[in-house]
Amino acid sequence: MNNTVLPPLRDLEPEVQQEIDECVERWSDQEGNLIMILHEIQNHHGYVPREASLLLAEKTGVPLARIYEVLTFYHYFRLVPQGKHQITVCNGTACYLKGSARLLSELENRLEIKEGETTDDRLFHLETVRCIGCCGMAPAVVVDGTTVGKVATTDIAGIIEKIHIQEETNE
Amino acid sequence: MAAKCQIPIRRVGSYGYAFADPLVEVKTAGAPTILYGLVDEEAAAAIVYQHVGQGKLLDGHIIGSRQRGKTIDGPVTAILVRDSSRDEGDKTEFFKESIHAELTEHGLADTVQVVSALDLGIYDEGLTVQLLPSGVTYTNVLSRDITRLVTESVQKQEVLDHLLYSSPDLQERIVLRNCGIIDPESLDDALRHDSYKGFVRALTEQSPEQVIDTVKTSGLRGRGGAGFPTGVKWELTRKPEADRKFVICNADEGDPGAFMDRSVLEGDPHAVLEGLMLAAFAIGACKGYFYIRAEYPLAVKRIQKAIDQTRERGLLGENILGSGWSFDAAIRLGAGAFVCGEETALIASIEGRRGSPEPRPPYPSVQGLWGKPTSINNVETLAAVPWIVAKGGEAYARFGTEKSKGTKVFAVTGKVLNAQLVEVPMGTSVRDIIFGICGGAQDAVPIKGVQTGGPSGGIIPEPYLDTPITYENLSELGSIMGSGGMLVMNENDCMVDVAAFYLKFCVDESCGKCAPCRAGGYQMLQLLQKIAKGRGEPGDLDLIRRICKAMQCASLCGLGQTAPNPVLSSLRFFEDEFLAYIEGGTSYARKLKKARAEGRNLKDVV
Ligand SMILES: Cc1cc2nc3c(=O)[nH]c(=O)nc-3n(C[C@H](O)[C@H](O)[C@H](O)COP(=O)(O)O)c2cc1C
Ligand code: FES
């Protein structure tokens, strides 16, 4: 995450400005609201754009450095846009014991990217997570928010293919 | 179509049978409740058409009733069959056919259905048969028993004593009392199952001191890891004078390989909320926070719903039920940092800062959130409290051992037949949990040990599995209770690898504030990875032990202090494996790595 190149700054669209205004407003009377505001921004955009952080610093008076201190400390926050489809491999202990490493390398091979990267066409983003609390279904993979349990290496091709088909039919 | 509207469909929270999720339960008036597991779309359709429509049970999906009957009071309507023996293959089909043939011979085939069950919760007892609706269960059934089974049990409703399985249920559900039973998104349903009864009674009839006394009497100790007595913690937080006090529910559940907090939050959010309200009442807090992982969106949604619903009914907010006492609760999301489960880091995170731990004392009970007295409790601890307040401290203290009272929920996963949540009285042995409840090893590869307590814990090797689980016994073995994760490892799991895995977790998650944890962890990981590649040197193990010592003594917070535990524990019980790598060199390491990648048995390689 630390050595990713941040995209160049853009002017925020008025709607986005307004949305951040509203978010700050909503949380204004709550103590320690920074992380919750960042969660909302990320939920909306899939990541926390630098423009949004700048605006947030301006609105709340929290120094930008403190906002980034928080953003870079927590694994959950993302600083760059992700691919359209998220594939997350659980690397918790239960999944690890049941071979999540094999699933990851199969995904890496098929998508031709490493963990934490996005494919060139921005279609897939691959990452790992520490236990999603579905250990009974280990090894588990989360595809666009849906957990798939007891995944075998041989299932991986199908998972990717399904998304491709989905994309084609949508076009 | 009209019939469709007459059958209510209810959603419930997690039952805990993780191995068979998703589950569907069918309740029919006057008939036994049937729980189906591994329900995909096809099975769901079949349940509707076959079971609901025609009153016929579905083959192969039933998880038998865990209530075991002793008498047969009415006509037998169905017979569940399951071969529970470990390695003798599957005789289920054969017996199903034989019983069916016998029934046909006696003209009973139309009235008694014979189906195979997915799991009856009985293991290593040979062919097992359960009669419905009575729940009378026979084990070690042989072919020659079938005639009597039909002529005596089905025809005359007599129990065959020599086959009757009457072992008591090892589980005792207190924390999980409503999981899988209530609709977690309905306050009314929770109220029907006695939720908030304890709270209302405490609020209207008791003093905060009385509530604290009850919890003290129960002997409840924190289920988040350290096992600090909950009543004492509340008392310490109650004592100091302050304009504001806080309670926090620690729902961070950072332990990889554990899912009990998630299941309780999703399955019975009202129990946790009620526990938090009781804690707040006991210490005099004005506000409570649920600190929940953002990775648990369903848990977040259900807790939020529980908060909203109770606030609507006046159970939460200003002047609760006219008592003059006000209390409100809110959610704060975690953001994927394991260290935020540690109390001082958690407080920093709620305050909107990065989750760096602070030296203690001062303890949060004196100086916590925004410098005010704060009590932090684990999800499971809080979920047990309403039961304790409703039934009395003594009732809870009856379970467990002298120093470890009550029950504990464990999340059993790994190389075990049926991964699931179990709740047992303290003092139950690890073996009873793994073999008696969860069915023992998966794929018939012998179990090597059970890891408890996640990255802060250690491994209990197979010969020690009979150890009764208490806080003291586990720490004597160099492990901890932790939050209750139990990872079963078999002979194909390499201890050097596993030790490195846990350590890598802690190294990645270290906040970096103190050198022993930041640098020590990193250096030790280098050593372990070197050994795993077969490049270890004889002095390495000593060096590892020394780094462990330094980290334990000098780290700032629990993360660094406990990170060496899995390493030390593997070294203590499996030093030969480390030595084998060191002596075997790179070719040995490569051979093992290849075998593992191919999923082969390590025994055959070494
Ligand atoms: C690194 C670290 C991680 C922790 N993670 C958790 C956690 O995820 N959940 C939890 O309840 N307690 C966790 N704890 C323990 C808490 O700090 C604290 O002891 C506990 O929440 C107190 O509640 P209890 O008394 O009910 O157990 C963690 C401790 C450490 C040092
Ligand atoms: S280890 Fe993967 S879900 Fe827990």
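**Reading the model**

Modeller: Let's begin with Val48(B), which sits in helix 2 (residues 41-54) of chain B; a helix here is a DSSP run of H or I of at least four residues, numbered from the N terminus. This is a predicted model, where local features need pLDDT of at least 70, side-chain atom pairs count only at pLDDT 80 or more, and totals for chains, interfaces and linings use all residues. Residues are numbered from 1 along each chain as written, chains are lettered from A and ligands numbered from 1 in written order, and side-chain values use heavy atoms, without hydrogens and water.

Colleague: Why does Val48(B) count as partly exposed?

Modeller: Buried means under 20% relative accessible area, exposed over 50%, and partly exposed in between (1.4 Å probe, protein chains only). Val48(B) has 47%, so it is called partly exposed.

Colleague: What makes a polar contact between Lys233(B) and ligand 1?

Modeller: The term asks for a pair of N or O atoms within 3.5 Å; within protein, one must be able to donate a hydrogen and the other to accept it, and residues adjacent in sequence count only if both atoms are side-chain atoms. A polar side-chain atom of Lys233(B) lies 2.8 Å from an oxygen atom of ligand 1, so the pair qualifies.

Colleague: Which distances apply to Asn250(B) and Thr381(B)?

Modeller: For Asn250(B), a side-chain N or O atom is 2.9 Å from a ligand 1 oxygen; for Thr381(B), a polar side-chain atom is 2.7 Å from one. The protein covers 89% of the 620 Å² of accessible area that ligand 1 has on its own (Shrake-Rupley method, 1.4 Å probe; for residues, only the protein chains shown count as cover).

Methods
Helices (H or I, at least four residues) and strands (E, at least two) are DSSP runs, numbered from the N terminus.
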